[in-house]
Amino acid sequence: MKEHVQKFGRFLSGMVMPNIGAFIAWGLIAALFIPDGWLGKWGPAATINTMVGPMLQYLLPILIGYTGGRAIGGQKGAVTGALATLGAIAATSSTMFIGAMICGPLGGWCIKKFDEKMEGRIPAGFEMVVNNFSVGIIGGILAVLSIFAIGPACVKITDMLGAGVGFLVDHGLLPLTAVLVEPAKVLFLNNAINHGVFTPIGTEQAAELGKSILFMIESNPGPGLGLLLAYCVAGKGETRSSAGAAAVIQFVGGIHEIYFPYVLMNPIVILGPMVGNIAGIFTLSILGGGLVAAASPGSIIAELLMTPKGGYFANIAGIAVAGAVSFAISVFLLKFFGKDASLAEAQAQVAASKAASKGQAVSAAAPTGANVDIKSVKKIVFACDAGMGSSAMGATMLRNKLKDAGITDIEVIHHPVSEIPSDCQIVVTHHELAHRAVASNPSARVIPIQNFMGAPEYATLVEELASARNGRAAPAAPAAAEAPAAPAAILLEKKNIVLGCKSVTPEEAITACGRLMVDSGYCAEGYVQGMIERNAGFPVAIGSHVAIPHGTNESRQFIQKTGLVVMTYPEGIVWGEDEELVRLVIGIASQGEEHLDILNRIVEVCETEEDTDALVDNATVEDLYKKLNGLS
């Protein structure tokens with residue numbers, strides 16, 4: 001049950017959180033330039049204020065719908081979801097956040113199902129026509145449906161929720177929401193509650209009243225501050241010495257998760273933040289506190305920035321009372337009921353809980369995601385950030401190992417981690433991308449690996465697949481699983497093979513690769529920055545003393561034509577936090593699949609560290625040119 005609630009909460013907050021910056025921009029513009037705002041009497045304020053209404057009415061809901069559609073159906077789903085959301089907006093003058101949370105995923109789901117039905121049935125050359133018209137037709141139909149059905153229904157839902165909040169306020173019961181909010185935060189449902197529930201309702205209230213107390217129910221930093229200060233007074237050993245720094249990070253930085261381990265060490269102390277938040281909400285209700293927009297993260301700085309003119313006393317009082325009450329109760333509980341516990345163990349427990357709440361792998365070696373019948377596996381996807389380098393090489397290696405094991409009925413392909421096909425059963429990806437892979441295809445089993453060259457997980461997976469087939473001969477492989485045809489043009493030119501480079505830092509090596517690619521007309525400068533960002537996300541060293549710098553998926557727009565560059569570093573480069581040795585650096589810019597043939601050959605000649613070392617120590621420019629272009 002908890003897992004399903006977390007998953008639903010992640011999905012709700014996942015539509016709002018990527019767009020929090022837009023909510024903050026709206027809140028700041030409203031706070032500054034509405035007639036009663038800080039700069040409301042300034043000459044241009046009236047003109048600037050004309051943005052407030054359209055941002056709330058159109059921009060924010062469409063962003064939510066776009067994001068929700070993208071989560072389900074990729075870019076086409078995003079556009080379809082935005083179209084459907086516009087229909088809901090047109091149905092009413094009410095702010096349509098709830099409608100966006102319905103229309104966005106609905107649009108993504110509809111286009112995803114259409115694509116599944118049409119897979120393999122579109123005549124060659126008509127793919128773009130079908131893709132564009134399917135989005136236009138399905139999006140248009142959903143927009144009309146939203147006007148007459150979804151929009152009016154959401155108005156009723158919004159009215160009911162608003163009435164519920166009004167009931168709690170009118171009867172003085174709003175503080176009791178803290179009884180649910182504080183334990184939910186420790187279970188990592190805080191973003192789901194804050195951005196999935198409070199932010200949409202609070203934004204509509206703020207548009208009408210100029211502020212909303214709902215923005216402060218979850219984000220108030222006072223309860224967590226009080227708990228951590230209590231550990232400074234009544235804690236013992238490591239917990240006492242570490243609580244002061246944690247309090248600064250929590251209160252100023254807004255990282256509430258830092259106090260969760262202190263709760264898990266002594267679960268009874270959750271009563272401190274709980275009662276403290278009740279007192280804080282009560283104070284805010286009495287004094288008329290509230291924010292103009294969501295405070296994210298929930299730091300004292302964000303709270304003050306989002307405070308409307310004339311609201312500082314109420315909001316500071318609400319935070320101070322929450323902190324003081326939480327401190328007093330937590331000190332009492334620690335003195336009389338506290339017990340010695342390991343902060344490290346509690347932190348590990350929090351890490352595991354956070355990973356579970358995000359669908360992440362707790363261990364890099366353990367599979368994650370859905371349980372899959374291994375006998376039914378027909379498609380395996382290798383996923384990396386851009387889908388052009390490390391994943392392509394990993395797919396080649398596994399494809400070869402499956403072939404050696406006599407398994408030829410499984411298609412092995414590669415894709416960007418954000419675009420994993422819905423019909424694959426297994427996804428292999430770098431362990432730092434495992435959580436994104438699970439989010440991209442929750443129905444697949446995700447196998448996280450440390451590197452793409454020679455990962456031990458390959459042999460384990462092949463053995464598992466072979467055992468499931470009981471040694472029976474498999475049918476012939478589908479055409480899609482065949483190795484790509486030889487390229488029509490030479491992609492690695494002799495001038496782009498540089499031998500005997502002096503040892504440098506990884507970033508310097510990537511920059512050198514990028515400069516060579518720019519000079520050869522393969523890409524613009526923006527792609528080089530994408531290569532650096534890609535390595536910063538996680539190192540492009542893939543094992544066997546090889547690194548393959550390439551850009552992020554977003555930076556592919558700067559690629560001008562497909563090409564590769566090769567640089568050898570005989571002394572080696574210490575690469576990344578794992579301090580992996582790299583002696584062969586291969587820069588990649590690819591608009592399509594043309595480069596795969598060369599990557600396949602790299603896999604063949606650099607399968608082990610010894611292979612790469614022999615290549616670097618002995619190969620000439622002519623040797624590399626012939627070997628990697630398939631000319632020898």
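**Close-up views of aromatic and helix contacts**

**View A.** The model shown is predicted. Phe337 also falls in the partly exposed class, at 48% relative accessibility. Together with Phe336, Phe332 and Phe337 make up one aromatic cluster.

**View B.** Four aromatic pairs are found in a search of the whole structure. In one of them, Phe33 and Trp42, the ring centres are 6.2 Å apart and the planes stand at 35 degrees, so this pair is tilted. A stacked pair would need planes under 30 degrees apart, and an edge-to-face pair over 60. Phe33 is buried, at 12% relative accessible area, whereas Trp42 is partly exposed, at 47%. The pair of Phe332 and Phe337 has ring centres 6.3 Å apart and planes at 65 degrees, so it counts as edge-to-face.

**View C.** The charged end of Lys494 is placed over the ring of Tyr625. The distance from this charged end to the centre of the Tyr625 ring is 5.0 Å.

**View D.** Helices H4 and H5 run roughly parallel to each other. H4 covers residues 52–90 and H5 covers residues 97–118. Their axes come within 9 Å and cross at roughly 25 degrees; angles under 35 degrees count as roughly parallel, which is why the pair is classed this way. The crossing of H4 and H5 is right-handed. Sorted by class, the residues in the contact of H4 with H5 are 14 nonpolar, eleven polar and three charged.

Terms used. Residues are numbered from 1 along each chain as its sequence is written. This is a predicted model: local features need pLDDT of at least 70, side-chain atom pairs count only at pLDDT 80 or more; totals for chains, interfaces and linings use all residues. Side-chain values use heavy atoms; hydrogens and water are left out. Rings of Phe, Tyr and Trp (its six-membered ring) pair if their centres lie within 6.5 Å; planes under 30 degrees apart count as stacked, over 60 as edge-to-face and the rest as tilted. Buried means under 20% relative accessible area, exposed over 50%, partly exposed in between (1.4 Å probe, protein chains only). A charge sits over a ring if NZ of Lys or CZ of Arg is within 6 Å of the ring centre and within 35 degrees of the ring normal. Axes are lines fitted to C-alpha atoms, for helices over the stretch in contact, and angles run from 0 to 180 degrees between N-to-C directions. Helices (H or I, at least four residues) and strands (E, at least two) are DSSP runs, numbered from the N terminus. Angles under 35 degrees count as roughly parallel, over 145 as roughly antiparallel, 65 to 115 as roughly perpendicular and the rest as oblique. A crossing is left-handed if the near helix is turned anticlockwise from the far one by less than a right angle, and right-handed if clockwise. Ala, Val, Leu, Ile, Met, Phe, Trp, Tyr, Cys and Pro count as nonpolar, Asp, Glu, Lys and Arg as charged, and the others, Gly among them, as polar.
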